[in-house]
Amino acid sequence: MKLSISTDATRAPDRSRYWQEAIASAYFPLDLRWRDTDNFSGKLTSWQFGDVSISRLSCDALQYLRLPHHFNGVREEEFLVTVPTRSEVAFAQAGRDIKCKPGGFFLERSSEPYEFSHADAADMWVLKLKGDMLNGRLRSPDRFCTLQFDANNGAGGLFTDMLQILPDRFDAMSAEARATVGRQLVDLLVLAIKADERVLVSGSSTVRSAHLARIEAYIRANLQDFRMDPERIARACGISTRYLHELFRDTGTTVRNWIREQRLLACRDALADPNNVQTAAEIAYSWGFSDQTQFSRAFKAQFNVPPGEYRLKCLTLNQNRQEAMRQ
């Protein structure tokens, strides 16, 4: 789905209400404060790539406020990733604030109040994704809100390049292709965040955080290995098994539980992929589950739906998207 909104054809007295509704529809409810309401001008175009959306927002000076009353009835956490390309934007959340210039990007969390503003006319790209898409790939992603990441070099450059290229390819893609590249874009975002040295040193202990980050990377790279267990992980990462268990105990889970969660997330992505012709049992086996019954029970406990029903739900959603595009 592609949607374009502009204030050009809207009467001056109606522009503030029109733009506020447009912002709430594209992202989530916010309070807006204008410098010049009658002469305000804005344009917003958004593209849906599976479970993520990309938008380009251009508008005059404005302040956006995410306030406590916006959380009434909201259950699902979402993240926005903003990439300014024209002027500096300011962002404050959880007692921390940054000023992000073109060449950087940052994360915003929907479940906590924040202030976002730009004193000059701005042009920016915004990625919107569900919280569990980051939580499954990055431990405690809220830690990295109000950090400015490099949008020009390395994985950050690849992420922002892809963010801006994909809309030009939108019309030529099938619904399945859009969903696939949407997930790939999130993977690039996670790579960009992990490549920042502050990710390793965030938390109460630099050394412990560095060890944990290396362990998690090793586990993700070897999820399909049936033989992976705490002893093998500890040896590969050069630490004792006891220390490995201590590191995970600090995070509120166990090594085995975290491995299982990562495997379940990988299976969920595979089940949602319309191009994957494997059976649910084959997918489970390929990601380290040796018992189909155990996998089905664990999948339902984690995602509140059996794997077969989840796959059918995703297939139906993809078909509906295709039909909507043909109309």
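Tutor: The answer below begins with the cavity and then turns to other parts of the chain. The model is a predicted one. Rolling a probe the size of a water molecule over the atoms shows where empty space is left. In this model, the count comes to one cavity of 30 Å³ or more. The volume of the largest cavity is about 110 Å³.

Its lining is made up of Ile23, Tyr27, Leu30, Leu57, Tyr64, Leu80, Thr82, Glu108, Tyr114, Phe116, Met124 and Val126. By residue class, ten of these are nonpolar, one is polar and one is charged. Thr82 is the polar residue and Glu108 the charged one. Three strands each supply at least two residues of the lining: strand 6 (78-84), strand 10 (114-118) and strand 11 (122-130). Leu80 and Thr82 fall within the range of strand 6 (78-84), Tyr114 and Phe116 within that of strand 10 (114-118), and Met124 and Val126 within that of strand 11 (122-130).

Ile23, another lining residue, lies in the range of helix 1 (residues 15-26), which also holds Ser16. Ser16 has a relative accessible area of 18% and therefore counts as buried, the cut-off being under 20%. Leaving aside residues up to four places away in sequence, Ser16 touches Trp34 and Thr37.

Over residues 213-313 the chain is 69% helix and 0% strand, and the end C-alpha atoms lie 34 Å apart.

Technical notes: Residues are numbered from 1 along each chain as its sequence is written. This is a predicted model: local features need pLDDT of at least 70, side-chain atom pairs count only at pLDDT 80 or more; totals for chains, interfaces and linings use all residues. Side-chain values use heavy atoms; hydrogens and water are left out. Helices (H or I, at least four residues) and strands (E, at least two) are DSSP runs, numbered from the N terminus. Buried means under 20% relative accessible area, exposed over 50%, partly exposed in between (1.4 Å probe, protein chains only). Contact means heavy atoms within 4.5 Å. On a 1 Å grid over the protein atoms alone, a cavity is a set of points where a 1.4 Å probe fits but cannot get out, and a pocket is an open set with protein on both sides within 12 Å along at least five of seven lines; lining residues have an atom within 4 Å of a point. Grid points are joined across faces, edges and corners, and a volume is the space filled by probe spheres set on the points.
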